[in-house]
Amino acid sequence: MVNTALARRTSPKNLRVLFGVLMGLLVLTFTLGQGISAHAATSEPCVPDAATACFNGTIKGAGEGVEITVVGNDQNVVAVTDKDGKWSAAVTAAGVYVISLDEATLPAGVTLDGEASQERDITLGFAKGAIFKVAGGDNGGADNGGDSNADAAATGFDWDRLAQQVVSGLRLGLLLALASIGLSLIYGTTGLSSFSHAEQVTLGGLLGYTFANVLGLNIFLTVLIVVVLTGATGYIQDAVIWKPLRKKGLSLTQMIIVTIGLALALQYTFQMFYGASTVRILMKNPDTFTIGPVTLTFESLWAMGLSIVVLILVGLFLLKTRTGRATRAVSDNPALAAASGIDVDRIIRLVWVIATALAGLSGVMLGLVLNGINWQTGMQLLLLMFAAVTLGGLGTAFGALVGSLIIGMTVELANLVVPGDFKYATALVLLILVLLFRPQGIFGRKERIG
């Protein structure tokens, strides 16, 4: 009977397709890693993320060594053009900046044709081009005012930026999946929508900062310690809070309210110990590499590869191991699983450990990719996590994976057409549209009511 329930829950054909996609992504990630040396960027272009904004441009005919200064919001950044005249400057605060070209650094025979300074307003997570026209040189003063990462409002759509956003969407989707799968497993086995789950992501990032920066441990050892510690918090949570509440017969609504209270308590605990500012796991500017139109940091490539490996291992655990099949059985029908001799409480305890460990790993990876994390990071991701779980189908781990990839891609591609943080709203709009036509989500199954 349990096997029949499992068959209804997940189609083997769909699972093979998912594993094929994950294996393809893994091969692609390592292929990119093999090609880094041949395509490494010498100018270290800036990559915008949640903690960084980028100014960039190309001064054709100016050549190498021209200095551009970006000043504002207590920051003073100096960028230097490469041999092609390209430059980029990273800032870590939103606001208005004054961008100035140092005419003394222009090569002989090249003069500035226009203003030497200009103002630009920028939001974190975006890139903007700055136009400086020059006369003389090899290109007769022509200037495109920016490279392929320039702001869509200033340069419009281009294929290079589309490629960059697609890769960024894949990266966000993979890291979001690490946290969302655990959230889906918790819902599937207990029926509980845990609003405090996102704080495990924050905890993972802050612990990563503590061990890697404060204590100076190797980043790989840091990741291992964080996964163990966050997994232990899941064990403690279920032993101290959730199992006693289940035994007392609290309704799911009451337990959801408890998760909201726990989330708020954790947020302000993080703020008390780490402050309100953003902390960085890596204190140096991340090294980048460029393949075609796509620029990524080495940390992003490493995070994407590790995420794919972990997601494959979780899938194999759920499909191939006895405990994994028991977990899916409990998720499908707890009463039937218990009647079949499965220790439901033990499975739920294990799910909490796995879910919180995955969320902690996601926090470290996000901290590396974003190069910054603060006490509100989890709260900012919470709606995206719920959107991914709901879109994929409540309680289905593989649905959470697909939903996360769709949400991540939607958020990043929305950057092409909408400004600022409005991109996050597009993911929720997509969720509403899908649920209007398929209320059970992509991998969910219809339930008969009444």
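Q: Which residue stands opposite Gln118 in S7?
A: In this predicted model, Ile99 stands opposite Gln118 in S7.

Q: What makes strand S5 and S7 a pair?
A: Strand S5 (residues 95–101) and S7 are joined in the antiparallel sense over six bridges, and since pairing calls for at least two bridges, the two strands count as paired.

Q: Why do strand S3 and strand S7 stand at the edges?
A: The open sheet is formed by four strands in the order S3-S2-S5-S7, with antiparallel pairing. Strand S3 (75–80) and strand S7 (117–122) each have a single partner strand, so one side of each is left without a neighbour in the sheet.

Q: What makes the link between the side chain of Ser117 and the side chain of Ser100 a polar contact?
A: The two side chains make their contact at 2.8 Å, and as the limit for such a pair of N or O atoms is within 3.5 Å, the contact qualifies as polar.

Q: Why is helix H10 called roughly perpendicular to H12?
A: The axes of helix H10 (residues 322–332) and helix H12 (residues 344–370) come within 10 Å and cross at roughly 100°. Angles of 65 to 115 degrees count as roughly perpendicular, and therefore H10 is roughly perpendicular to H12.

Note on methods:
Residues are numbered from 1 along each chain as its sequence is written. This is a predicted model: local features need pLDDT of at least 70, side-chain atom pairs count only at pLDDT 80 or more; totals for chains, interfaces and linings use all residues. Side-chain values use heavy atoms; hydrogens and water are left out. Axes are lines fitted to C-alpha atoms, for helices over the stretch in contact, and angles run from 0 to 180 degrees between N-to-C directions. Angles under 35 degrees count as roughly parallel, over 145 as roughly antiparallel, 65 to 115 as roughly perpendicular and the rest as oblique. A polar contact is a pair of N or O atoms within 3.5 Å; within protein, one must be able to donate a hydrogen and the other to accept it, and residues adjacent in sequence count only if both atoms are side-chain atoms.
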